[in-house]
Amino acid sequence: MERKELLYTGKAKKMYATDQENVLWAEYLNQATALNGVKKDTIEGKGKLNNQITGRIFEYLAEKGIASHYLQELSETEQSVKRVNMFPLEVVVRNVSAGSFAKRFGMEEGVDLPFPVLEFYYKDDALNDPFINDAHVQVLGAATDAEVAEIKQQALKINAALIEMFKGIGIRLIDFKIEFGKTAEGEIILADEISPDTCRLWDIETNEHLDKDIYRRDLGDLIPVYVEVLDRLNKM
C-alpha cells in the first residue's frame, strides 16, 4: 500500500489517501491539546503511544464482534483505516461523575452513575463543540433518527466491552468520547480513536489518573502514564 496526498490535519492526527480507494493512512501526532485547543504542546512519544493503544483496543473490540474502521498498524505512529463518512458528532458515554459533567451538575467527582449516560456534542471547532440533544441532531441534519438509534446502541455495547476490558487490567472506565462513520456500503461503524486522550481512566486501587487529565490539570508527566496503560494492555 502506498501513501498518497494529505487529506486532513487534526489536533492529534493527519489523514492521507492511499492507492486503495477505501483505505486511509492515519499518522498520530505528538501534539497534546486541552480546553478546545486553548492549551497546546508537543509531547515527544505521545503519537506512537496513542497509535498503539488504539490498535490494541480496536483489536479487542473486534474479538467481541464490534466493528471499527481500524485495519492494521503500519508503524509505531501509523495505522491503516477504512475510509468512512464521519458523522459530525462526538458521542460521550459517562459511567462515573467527573470533569464537565460533575461541574455542570454540582456533583463530586468519582460517584458511580446509576446507568451509563450518553451525550452528543456537535463537532464544530468554531462553536467549541456544543452539547446537543436528539432534536438538535435532526435540525442540524447530523444524522437520521434511525442512525441516532444505531449509534446509541453501538455506543452502549462498546461501553460494556470497554468496562470489562479495562477492569481486567485494573482500570476504572470513568467516561469516554467516540465517533462514528458510515462505510461505502452504508454500515455505521466506530471510527477515530480510543486512547487516554479520549477516555478518563482511573487506577482501580488508587484512583490515580491514567489519562489526559494529567496534562489537562497539570498533574505531572503524560508519557509515563500512557506507557502504563499500553503496558497493561499488552499484558492483557
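## After helix H4

Just after helix H4, Gly170 takes a positive phi of about 75 degrees. Helices here are DSSP runs of H or I with at least four residues, strands are runs of E with at least two, and both are numbered from the N terminus. H4 itself covers residues 145-168, and its 24 residues reach 35 Å from first C-alpha to last, close to the 34 Å expected at 1.5 Å a residue. That expected span is 1.5 Å times one less than the number of residues in the helix.

Which residues of H4 are buried? They are Glu147, Val148, Ile151, Gln154, Ala155, Ile158, Asn159, Ala161, Leu162, Met165 and Phe166. Buried means under 20% relative accessible area, exposed over 50%, and partly exposed in between, with a 1.4 Å probe and protein chains only.

## About the model

This is a predicted model, in which local features need pLDDT of at least 70 and side-chain atom pairs count only at pLDDT 80 or more, while totals for chains, interfaces and linings use all residues. Residues are numbered from 1 along each chain as its sequence is written, and side-chain values use heavy atoms, with hydrogens and water left out.

## The overall picture

The protein has 6 helices and 14 strands. Along the principal axes, the C-alpha atoms fill a box of roughly 50 × 40 × 35 Å.

Of the 236 residues, 50% are buried. Among contacts with a separation of 6 or more, 55% join residues 24 or more positions apart, a contact being heavy atoms within 4.5 Å.

## Helix H1

Now to the helix at residues 46-63. H1 has 18 residues and reaches 26 Å from its first C-alpha to its last, close to the 26 Å expected. Because 13 of its 18 residues are buried, H1 is largely enclosed by the rest of the structure. Just after H1, Gly65 takes a positive phi of about 80 degrees.

## Positive phi without glycine

Most residues other than glycine have a negative phi. Asp129 is not a glycine, yet has a positive phi of about 50 degrees. Asp129 sits in the loop between strand S10 (112-122) and strand S11 (131-132) and is buried, at a relative accessible area of 10%.

Asn207, also not a glycine, has a positive phi of about 65 degrees. Its loop runs between strand S14 (199-203) and helix H5 (213-216). Asn207 is partly exposed, with a relative accessible area of 39%.

Leu7 lies in strand S1 (residues 3-9) and is partly exposed, with a relative accessible area of 43%. Not counting residues up to four places away in sequence, Leu7 touches Met15, Tyr16, Ala17, Leu24 and Arg83. Leu7 and Asp211 are 204 residues apart in sequence, and their C-alpha atoms are 28 Å apart.

Lys182 belongs to strand S12 (residues 171-182) and is partly exposed, at 26% relative accessible area. Leaving aside neighbours within four places in sequence, Lys182 contacts Val84, Asn85, Phe87, Glu147, Glu187 and Ile188. Glu147 is also one of the buried residues of H4. Between Lys182 and Lys123, 59 residues apart along the chain, the C-alpha separation is 16 Å.
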